[in-house]
Amino acid sequence: MQTSRAPLLPEPARRFAAWCVVLLLAAGVAAVFIWLCVVFKTAVTPALLAILGTALLGPLYRRLLRMKVGKGLAAALTVVAVLVVVGGATYIVVLALIDTGDQIVASLRQAALDIAKHFGAAGTSLDDLAKNAKVLLEKFGGTAASGVISGVSIVGQMLATAVLALLLIFFFLKDSDRVAGALRSLAPRTTGDLVEAMARRAFEAVEGFMRGTTFVALVDAVLIGIGLVVLDVPGAVGLAALVFVTAYIPYLGAFLSGAVAVLVALADRGFVIALWVLGIVLAVQVLEGNVLQPMVQSRTVQMHPAVVMLAITAGASVAGVLGMLLAVPLTAAATGILGELRTRYGTPPPPSEEKPQAGAGPPGSNEEP
């Protein structure tokens with residue numbers, strides 16, 4: 001007579017092992033995907049920038065279509081608008097930073113010296129940091145002449161990336177109506193609806209992030225810039241430009257730009273003005289967190305601050321500053337995809353308890369009525 005043998009592992013251990021295998025496979029796929037993105041970064045970077053640009057400029061393109069403008073012409077006009085707006089904004093920001101950069105650096109240096117005087121050894125590290133930064137800048141300037149070819153190569157790569165991104169924005173806008181059909185043709189027949197729905201949710205999340213962040217960054221820069229001008233803080237325009245640029249890095253960017261503004265005010269205008277600048281920065285951040293973000297940002301990009309910080313850290317470790325800028329919109333897209341999967345395949349809520357029928361005994365009673 002055959003006897004059934006007991007399993008080698010109990011049921012909880014087998015389930016745990018199965019989940020470990022699933023997590024290892026998912027981590028392996030993610031690692032290979034990231035590795036491929038790093039290897040082919042010359043093609044991946046313009047494509048990601050083009051997706052962000054398409055998400056930001058989609059409303060303008062659709063408005064042109066409603067005005068009976070052809071698809072090709074509407075896409076071309078949108079790209080021209082990108083060149084005018086982004087080029088003009090970049091020129092203003094760079095000019096402001098060049099004009100006030102030396103003043104801001106000198107103010108930071110003075111702030112480090114003042115902190116070193118008041119806090120002794122604790123502030124000496126800041127003074128040393130300022131000295132080391134100055135030495136590094138001098139060394140960089142001394143070796144810049146010998147690295148002209150390398151600098152030209154980097155500038156050439158940046159220009160090539162920008163041109164390719166603009167061309168991709170044109171084609172993404174012009175052929176946006178074909179995306180759904182292309183996804184359906186690539187996906188298996190039974191999963192076409194799911195793939196299309198996930199792509200739409202991901203793009204909506206990126207679109208909401210780009211439009212909302214751009215508006216919030218503009219409001220933050222204008223309000224903080226006005227406050228710095230009123231308080232007569234040196235380099236106010238450059239600091240406002242820094243606020244606008246760093247606003248695309250949530251939480252961390254606001255902290256860095258606010259700290260620079262406070263240190264500059266502390267060095268040139270004294271402790272009282274520095275406190276006023278700190279109050280303005282905190283007030284703008286409170287306005288952003290409690291009014292602007294809930295009103296402007298789409299619900300599809302509402303992520304926990306811990307998730308945002310981890311995404312920024314991971315992006316910085318993979319691709320530096322560019323990774324920090326791309327980490328949050330990519331995380332927003334992944335959040336949208338997970339939300340779509342949860343909507344379709346999530347565990348349904350437990351059914352409500354049914355009321356006992358009239359004349360029936362209490363639950364669990366086996367007695368006859």
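**H8 and H9**

I started with how H8 and helix H9 (residues 252-269) pack in this predicted model. Their axes come within 8 Å and cross at roughly 165 degrees. Angles over 145 degrees count as roughly antiparallel, so I put H8 and H9 down as roughly antiparallel to each other. I also looked up the hand of the crossing of H8 and H9, and it is right-handed.

Next I wanted to know which residues make the contact. From H8 I noted Leu-239, Leu-242, Val-243 and Thr-246. H9 brings Gly-253, Ala-254, Ser-257, Val-260, Ala-261 and Val-264. I sorted the residues of this H8 contact with H9 by type: seven are nonpolar, three are polar and none is charged.

**Positive phi values**

Then I went through backbone angles. Most residues other than glycine have a negative phi, so I wrote down the exceptions I came across.

Lys-68 is one of them: its phi is near 65 degrees, a positive value, and it is not a glycine. Where does Lys-68 sit? I found Lys-68 in the loop between helix H2 (41-66) and helix H3 (71-119). Buried or exposed, I asked of Lys-68? Its relative accessibility is 77%, and the cut-off for exposed is over 50%, so Lys-68 counts as exposed.

Asp-232 went on the page too, with a positive phi of about 60 degrees although it is not a glycine. I traced Asp-232 to the loop between helix H7 (192-230) and helix H8 (236-246), and that H8 is the helix I had paired with H9 above. Asp-232 has a relative accessible area of 52%, so I logged Asp-232 as exposed.

Technical notes. Residues numbered from 1 in each chain as written. Predicted model: local features only at pLDDT ≥ 70, side-chain atom pairs only at ≥ 80, totals over all residues. Heavy atoms only, no water. Helix = DSSP H or I, 4+ residues; strand = E, 2+ residues; numbered from the N terminus. Buried < 20%, exposed > 50% of the residue type's maximum accessible area, 1.4 Å probe, protein only. Axes fitted to C-alpha atoms, helices over the stretch in contact; angles between N-to-C directions. Parallel < 35°, antiparallel > 145°, perpendicular 65-115°, else oblique. Left-handed = near helix turned anticlockwise from the far one by under 90°. Contact = heavy atoms within 4.5 Å. Nonpolar A, V, L, I, M, F, W, Y, C, P; charged D, E, K, R; others polar.
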